[in-house]
Amino acid sequence: MKINSFFYSIQQGVKNIWRNKLFSLASIATMAACIFLFGLFYMIVTNFQDMVQNAEEGVAITVFFQPEIGESEIIAFEDEITRRPEVAECVYVSADQAWEEFKSEYFEGHEELAEGFEADNPLANSAHYEVYLSDVSMQNALVTFLESQEIVREVHQSEAAAKTLSDLNTLIKYISIGIIAILFAVAVFLISNTVNVGISVRKEEIAVMKLIGATDFFVRAPFIVEGILIGLIGSAIPLVILFYLYRRIVAYIGERFHFISSMLQFLPVQEVFRILLPAGLIMGVGVGLIGSAITVRRHLKV
Amino acid sequence: MIKLEHVSKSYKSGVIPALNDVSITIKEGEFVFLVGDSGSGKSTLIKLLLKELEPSSGTITVNGQQLHKIRRRKIPKYRRNIGVVFQDFRLLKDRNVYENVAFAQRVVGTPGRRIKRAVPKMLSLVGLAAKYKSKPKQLSGGEQQRVAIARALVNQPKILLADEPTGNLDNKNAWEIMRLLSEINKRGTTVLVVTHNMEIVKAMDKRVITIRKGIVTEDED
C-alpha cells in the first residue's frame, strides 16, 4: 500500500466515524457496555481471589514428632519440609514455646495456677512445625509425605478448609473463563452486527470503489481503522468510569462498614488496573478489529 | 483492444444463457453502441468486461490481456485501465463533486499534488469546474452523470464503458452526455456505450452492435 493510501485510509476511518454518527455511537455504547461488564466482573473476581489467597495463606498443617526424637533432629528435619515446592513457610514451635502459648491463653489472669508445672512441662512432647502452604490444593500430597516419615508422630490438618478453598479457587477460575468467553463472543457479535449495518449503508460505496480498481486492502482499511478506534474509545470510557467507581466504592465501604473492611481487604485500585487497563484496551481494540474484519470480508465479493 | 471469442454466459444450467457464443472485436479508438432490449445480455457483457463475472465459455481479451488469466489479486490493477459510467451515476452522496472525482485517484494511490492538478482539469472538460463544491443532490441528473464521467476518466483509462448513461436523463441532457462521450472518443479513448435510446444511436452514426436474447444479431458501421 502506498503511503498516500495509508494516510487516506486513516483519515477516512476517522471521517467515517463522524459521517455515521448514530452507528458509531451505537457501536461505542455496545463496546462500552461489554467492557464495563468485563471490568466489573474482573474487579470482583480479582478481589475475591485475593481474599481466598489470603485465607489460604492462613491454612497450616501441624506436624508432631515421636517422643524419642530430640530437638536437634527435629530442627534438622526443617530442611526436608521447606525443600517441598508446595511449602510457603515453616515455623518451628519448641515444647517450651508451646507451653508458654498455652499458658498465656488458658491461664490468662490466673498465671499462678500454672506454677505447679514449672519444672515439668506437660507439653514436653509438643515440639512441632506449623507448615504454611503456597497452594492449598497440594495439602494432601504434603500430608502423605509427612506421615510416611518415621520421626513424625502425627499430622494435624484442616482438610475441610483446604478443600473448600481449593474448590472455590477452581470454581472461580472456571466461572471467569466462562464469563469472559461469553462477554467476548457477545461483544464480537454485537460489533459485527453494528458494523454490518454501517456497511450495508455503504455497500454502494464499496461496490464503486472496487469497480474503480481499489484493492481489497484499500476498501477494508478505513473500516478496520474505524473498528479499532471504536474499540479504543468504547473501552477507554468504561475503564475511566470503573477506575473512579472502584476508588469511591472501596473508600465508601471502608468508611461506612468498618466491620467488613477489617475482614475483607480490597486490592488497591492501581493493583487492579495494572492488568485491567491493558486487558480492557486490548479486548476493546481486538473486538473492534475482529468484528469489522469479519464483516468487511463478507462484503468484498464485488 | 476488446475481443470476445465465442463467449457464453449462463447463470443457471438449463436456463437460456444470458450470452450465447458472442464474438465481437472493438478496435482502439472506436466508438461503439451496444443495443438491445432489457434482458438481452448487454449488462452481462459489461460485467464480463469488468471481470465482475466469469464467462461460462469462450475467451475475452482486453488491452492485450486474457481476462481468465488475471488472478483475483490483480483484478484491481486491471480495472484501473477501464473507466465505467452507470445509469444511476453511483456517486458518493456524502462527498462533493471534487471529492467524488478525486476519489478515483485516491483509490489508485495518486499523490495529493497530482490530484489537485488533474481533478480541476477533468471538471472543466465536463463543464462542471464552477460546481466543484456542490454535493450530488444539488446537481441535475445530467450534471451528476458528467461528474461520473469525470470520475471514470480522471485516471486516463484507455477504455470507457458506459452502461445506459442516458437512461435516467431527459432528451436534452442525454444529448449533452452523448456529445461529451463523443468528444472523449475523439481524444483517443475507446468508448463502448450500452443503450436502448435508438433515436440517439441513429443520429450519432457510429458502429452499432445489436444483441437479442444473448446473440449478436447485427453489427454495422
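Let me begin with a word we need: a residue is buried when its relative accessible area is under 20%. One more thing before we look: this is a predicted model.

Start in chain B, at Phe89. Is B:Phe89 buried or exposed? Its relative accessible area is 8%, so B:Phe89 is buried. You will find B:Phe89 in the loop between β6 (82-86) and α3 (97-107) of chain B. Now look at its backbone. Phi of B:Phe89 is near 65°, a positive value, and this is not a glycine. Why point that out? Because most residues other than glycine have a negative phi.

Move to B:Arg90. This residue is also in the loop between β6 and α3 of chain B. Phi of B:Arg90 is near 50°, again positive in a residue other than glycine. What about its cover? B:Arg90 has a relative accessible area of 24%, so it counts as partly exposed.

Stay in chain B, and turn to the strands. Take β1, residues 2-9 of chain B. How many bridges join β1 to β4 of chain B? There are 5, and the two strands run antiparallel. Strand β4 covers residues 57-62. For one pair, find B:Leu4: its bridge partner in β4(B) is B:Ile60. Strand β1(B) also pairs with β2, residues 19-26 of chain B. That pairing is antiparallel too, over 5 bridges. Here, look for B:Val7, whose bridge partner in β2(B) is B:Val22.

Now the surface. Which residues gather in a patch of positive charge? They are A:Lys2, B:Arg113, B:Arg114, B:Arg117 and B:Lys121. With a relative accessibility of 48%, A:Lys2 is partly exposed.

Which one gives the largest share? It is α8(A), with 6 residues. Pick out A:Leu232, which sits in helix α8 of chain A. Its relative accessible area is 40%, so A:Leu232 is partly exposed. A patch residue needs over 30%, and A:Leu232 has 40%.

That is the tour. Questions, please.

Methods
Residues are numbered from 1 along each chain as its sequence is written. Chains are lettered from A and ligands numbered from 1 in the order in which they are written. This is a predicted model: local features need pLDDT of at least 70, side-chain atom pairs count only at pLDDT 80 or more; totals for chains, interfaces and linings use all residues. Side-chain values use heavy atoms; hydrogens and water are left out. Helices (H or I, at least four residues) and strands (E, at least two) are DSSP runs, numbered from the N terminus. Buried means under 20% relative accessible area, exposed over 50%, partly exposed in between (1.4 Å probe, protein chains only). Patches are made of residues with over 30% relative accessible area and no salt bridge: like charges are joined within 9 Å, nonpolar side chains (Val, Leu, Ile, Met, Phe, Trp, Tyr) within 5 Å. Accessible areas come from the Shrake-Rupley method with a 1.4 Å probe; for residues, only the protein chains shown count as cover. A salt bridge is a side-chain nitrogen of Lys or Arg within 4 Å of a carboxyl oxygen of Asp or Glu. Lys and Arg count as positive and Asp and Glu as negative; His and the chain ends are not counted. The place of a charge is taken as NZ of Lys, CZ of Arg, CG of Asp or CD of Glu. Two strands pair if DSSP finds at least two bridges between them.
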